[in-house]
Amino acid sequence: MDLHPLQGCRTLYRWQHGHLEDHLRALLPHWGDKPLTITSQDLNANASFVNYVRHHRLLDPCTGEPFELVEKSIRKLGLIGSQEARFHRIQDMLRGSEHFHYPACLGVIETPWESLIFTEFVRGKPPRMQAIAGQLALGIAELEERSHRYLSNQPWHKAALFWSMDFFRPWFLLRPRFNYARCLPELQRLAASDERFAGLADSFKGFEPLLTRLKSAAWQSPRCISHMDYLRKNLFIDKGQLQLIDWSEVKVGRVGFDGGAYLGSLFRRKDMPAFLTARTQFLEAYQAALPAHFDGVEALRNLDYMFLLTALFHCLRPETISEYQEKQRMPLLRQKYDYLLGLL
Ligand SMILES: Nc1ncnc2c1ncn2[C@@H]1O[C@H](COP(=O)(O)OP(=O)(O)O)[C@@H](O)[C@H]1O
Ligand SMILES: [Mg+2]
């Protein structure tokens, strides 16, 4: 593919839905009118506002070489562009990263109804998430460092864009996933039928003042781009290299948030020994990799904040409780609750 990694990502605006072929010719004008034969296949998309994710294969009409790309269509609400499309506009800041690799972006097409993002197709295996803790720590520290530098040097006229992407905007903060307290009535109901869980809902209420303190400390701390979605299906490993995709959860976050998001999702999916081992590995590598101009104590406090937001919601939501009940794993759920309450 004749793309340089992270070459500048162009955004083109269209008033109507167009044909794939027209979009590709617009993004790659050197193809001119040469004929194209494209084979397409849908990939499994997960996010609710994603219309589709498609893998297209064709031969580059200029070189005759195979050319594979991914098209992701994201629905717009009230003509507002997606976070992910906005991220791709500034993706250049990550050019030359050593620890994470990012598929090149061919360009973005914005219509009033959707953002179409065209990226290079990457191959590799989904990693075992607990096995790559150290590697993720290095990638996250690098992403935070580069994006912090980039955001700190932006002119004021870009401020509105970054303001709208900030984690602390109400349109993000009010999402159920950041409001674990809504799940407590369900825990109270569980306690009525299972005495192992008696009294826990009251104990969990104790997190509210702690989270308020962590939130106001995080708000003031250094900004960076946070990916926030470290799931197996968003990473590919190939010859030891990690490729990171899917910026649908991206935010202007704070240093430490991504580590907390990763550990939070690991805590949700793994048993305690696997989680604790990966946590130690992650924290050691992250603390060693974090550039000295960041305050390490502040970064770890932000990490704890994001970990708690993620872990509390996922472990307390009714779907999780039913899942553990069905699989008869309630003792593990209780262990996870004890771990969380031990952090109070
Ligand atoms: N650039 C890419 N290269 C290879 N596979 C991809 C690429 N982008 C997406 N995919 C595949 O499509 C799936 C869905 O895309 P993703 O961007 O993660 O959408 P969603 O936001 O719905 O999770 C991914 O889990 C991955 O398997
Ligand atoms: Mg995904």
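In the predicted model, the protein chain is divided into two domains, with domain 1 spanning residues 10-120 and domain 2 spanning residues 129-342. The centres of domain 1 and domain 2, taken over C-alpha atoms, are separated by 29 Å. Contact between the domains involves 21 residues of domain 1 and 27 residues of domain 2.

The pockets were examined next. The largest pocket has a volume of about 1200 Å³. Its lining comprises 48 residues, and those that lie nearest the centre are N46, D229, N234, D246 and S248. Both domains take part in this lining, since at least three residues are drawn from each of domain 1 (10-120) and domain 2 (129-342). Several secondary-structure elements supply at least two residues each to the lining of the largest pocket, namely the strands β3 (50-59), β4 (66-75) and β7 (114-120) and the helices α2 (83-89), α9 (257-269) and α11 (296-316). The greatest contribution to the lining of the largest pocket is that of α11, with 5 residues. By class, the lining of the largest pocket consists of 23 nonpolar, 11 polar and 14 charged residues.

For the second largest pocket, the volume is about 590 Å³. The second largest pocket is lined by 18 residues, of which F49, L77, S82, Q83 and F172 lie nearest its centre. At least two lining residues are supplied by each of β4, α2 and α5 (170-173), and α2 gives the most, with 3 residues. The lining of the second largest pocket contains 6 nonpolar, 5 polar and 7 charged residues. As with the largest pocket, the lining of the second largest pocket takes at least three residues from domain 1 (10-120) and at least three from domain 2 (129-342).

Helix α3 (residues 133-152) packs against helix α10 (residues 272-289) at an angle of about 35°, and the two axes are 8 Å apart. The crossing of α3 past α10 is right-handed. On the α3 side, the contact is made by A133, G134, L136, A137, L138, I140, A141 and E144; the α10 side provides A278, Q281, F282, A285, Y286 and A289. Divided by class, the residues in the contact of α3 with α10 are 11 nonpolar, 2 polar and 1 charged.

Note on methods. Residues numbered from 1 in each chain as written. Chains lettered and ligands numbered in written order. Predicted model: local features only at pLDDT ≥ 70, side-chain atom pairs only at ≥ 80, totals over all residues. Heavy atoms only, no water. Axes fitted to C-alpha atoms, helices over the stretch in contact; angles between N-to-C directions. Helix = DSSP H or I, 4+ residues; strand = E, 2+ residues; numbered from the N terminus. Left-handed = near helix turned anticlockwise from the far one by under 90°. Contact = heavy atoms within 4.5 Å. Nonpolar A, V, L, I, M, F, W, Y, C, P; charged D, E, K, R; others polar. 1 Å grid on protein atoms, 1.4 Å probe; cavity = no way out; pocket = protein on both sides within 12 Å on 5 of 7 lines; lining within 4 Å. Points joined across faces, edges and corners; volume = space filled by probe spheres on them. Domains from an automatic or database assignment.
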